[in-house]
Amino acid sequence: METIKDRLGSDGAPEIIDKAIDSLLISFMQQGLPLTARPFAVIAAHIGIPEAQVIARLSALKEMGLIKRFGVIVRHHELGYQANAMVVWDIPDEQVLAVAGSMKQYPGVTLCYRRPRRLPLWPYNLFCMIHGKDRDSVLQSLDTMVVSNGWQHFSYDVLFARRRFKQRGAWFPVNTGKLSASKKSSTKCGETSHDE
């Protein structure tokens, strides 16, 4: 059985096996998985290839770096979580990883990531999104986190969302004639950005 290593070009870069199939597959993946027990079977039926080949091609595209990762977009409003806040923290750099590790364990925290400070106006380097049924539950979750971990000495601000935007993953146009591994497309199926 041929593997990705067998498909390396003369310059050592992996080659696309079937540009049309891979382009269609990437396009379908960018639209999100169908909500069914066997989403890859649905995609396979649309493309006209076996389900096993869809799964194998996705694995190969990920291995080649054409698909970086798969993620989930949770439509929290539909689940009854009407309030959300981005909490921005100024954490000493040497403590960021430990604090983030603790933070992400709390119910309601759906995102937790580090970003560079933008001094002098923006001293924050750790961001976490907290969802709740209402504003009070979000603030209670935050208070529980702060008190139980002794984080009262860290500076932070709470930024509640005021507006909801369309939730979708990143989307990149796919040209079936020019798809190549050397471009290292950054397709991120199902990735979410801050939506409120």
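Reply: Leaving aside residues up to four places away in sequence, Met-145 touches Trp-89, Met-103, Tyr-106, Val-109, Cys-128, Ile-130 and Trp-151; contact here means heavy atoms within 4.5 Å. This is a predicted model, in which local features need pLDDT of at least 70 and side-chain atom pairs count only at pLDDT 80 or more, while totals for chains, interfaces and linings use all residues. Residues are numbered from 1 along each chain as its sequence is written, and side-chain values use heavy atoms, with hydrogens and water left out.

Met-145 belongs to the largest nonpolar core, which has 20 residues. A nonpolar core is a set of buried Ala, Val, Leu, Ile, Met, Phe, Trp, Tyr and Cys residues joined through side-chain atoms within 4.5 Å. Buried means under 20% relative accessible area, exposed over 50%, and partly exposed in between, with a 1.4 Å probe and protein chains only. The members that touch the most others are Trp-89, Met-103, Leu-126, Cys-128, Ile-130, Met-145 and Trp-151. Two or more residues each come from β2 (83–90), α4 (96–103), β4 (126–132) and α5 (135–149). Helices (H or I, at least four residues) and strands (E, at least two) are DSSP runs, numbered from the N terminus.

Cys-128, one of the contacts of Met-145, counts as buried at 0% relative accessibility. Its C-alpha lies 5.7 Å from that of Met-86, although the two residues are 42 apart in sequence. Met-86 sits in strand β2 and is buried too, at 7% relative accessibility.

Cys-112 is partly exposed, with a relative accessible area of 25%. The structure holds 0 disulfides.

A second, separate core of 14 residues includes Leu-25, Ala-44, Ile-47 and Leu-61. Helix α2 (residues 39–47) has Pro-39, Ile-43, Ala-44 and Ile-47 as its buried residues. Seen down the helix axis, these fall within an arc of 140°, so they line one face of α2; the arc is that of the directions from the helix axis to the C-beta atoms. Their cover includes α1 (19–30) and α3 (51–64). Just after α2, Gly-48 takes a positive phi of about 90°.

Terms used: Disulfide = S-S within 2.5 Å.
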